[in-house]
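Biologist: Let us go through this one by questions. Please put the sequence and structure up first.

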Amino acid sequence: MYQLYGYQNSGAAAIEAALVLCGVAFRFIDVEASKEAAQTLGTLNPLKQIPTLQLPDGSILTESAAILIHLGLTFPQSKLLPDTPADRDQAIRGMVYIVSNCYAAIGIIDYPERWLASADEGSRQNLIAGSRARLHGYWEVFADQFSGELYLADEKPGALDVLAAVISRWAGSREHLRSTRPGFFAWLERIDRHPTLAPVFARHWPA
């Protein structure tokens, strides 16, 4: 059985949603719920980052894009990754774009002191403001570049759809996209409402 380490309102929601789309058994381990779970995460992943996924054979996968690619290749019937090589390449490109640009900027916004030699409040706020503006610009570029790769109403959502729907929830990105890229914003809301994914998202972001 897969063991997914994460916590509520985190990037682990994307992996949980993907596991549900794959139709495989898994256990969600909330690392904020107990000291033992947090210690186990530190043993499995020295950076203590989530999501961390333990495979049924005991091996460990970290990094959201790598986990999603693994699941897509292991369970092709899930349609997490497109069937055709050209479309699959673009989906992987989109996931790497999100984690290397959007996810990275969110890490700075959440923990600015990690990037400052002297973390005075003025420097913190300046770094947060600049990173948020950069993040919102990254999402605009994503909306312009990758809209053709996103799922249609008669298709199953894939790994790129799930990752974008989760990561766009933070740092005011959805609110920014509502006005700057309304079509893309509407697509994100459609992903939120997908009958397979909605229960996962509702658990992480209760109304």
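**Rings, charges and backbone**

Biologist: Is Phe 142 buried or exposed?

Modeller: Buried means under 20% relative accessible area, exposed over 50%, and partly exposed in between (1.4 Å probe, protein chains only). Phe 142 has 0% relative accessibility, so it counts as buried.

Biologist: What should I know about the model itself?

Modeller: This is a predicted model: local features need pLDDT of at least 70, side-chain atom pairs count only at pLDDT 80 or more, and totals for chains, interfaces and linings use all residues. Residues are numbered from 1 along each chain as its sequence is written, and side-chain values use heavy atoms, with hydrogens and water left out.

Biologist: Which helix holds both Trp 139 and Phe 142?

Modeller: Helices (H or I, at least four residues) and strands (E, at least two) are DSSP runs, numbered from the N terminus. Trp 139 and Phe 142 are three residues apart, about one turn of the helix. Both lie in residues 121–146, helix H5.

Biologist: How far is the charged end of Arg 114 from the ring centre of Tyr 111?

Modeller: A charge sits over a ring if NZ of Lys or CZ of Arg is within 6 Å of the ring centre and within 35 degrees of the ring normal. The charged end of Arg 114 sits over the ring of Tyr 111, and its distance from the centre is 3.9 Å.

Biologist: What is omega for the peptide bond that joins Ile 50 and Pro 51?

Modeller: Pro 51 is in the loop between helix H2 (35–44) and strand S3 (52–54). Most peptide bonds are trans. The bond between Ile 50 and Pro 51 is cis, with omega about 5°.

Biologist: What is the phi of Asn 9?

Modeller: Asn 9 lies in the loop between strand S1 (2–6) and helix H1 (12–22). Its relative accessible area is 37%, so Asn 9 is partly exposed. Most residues other than glycine have a negative phi. Asn 9 is not a glycine, yet its phi is positive, about 60°.
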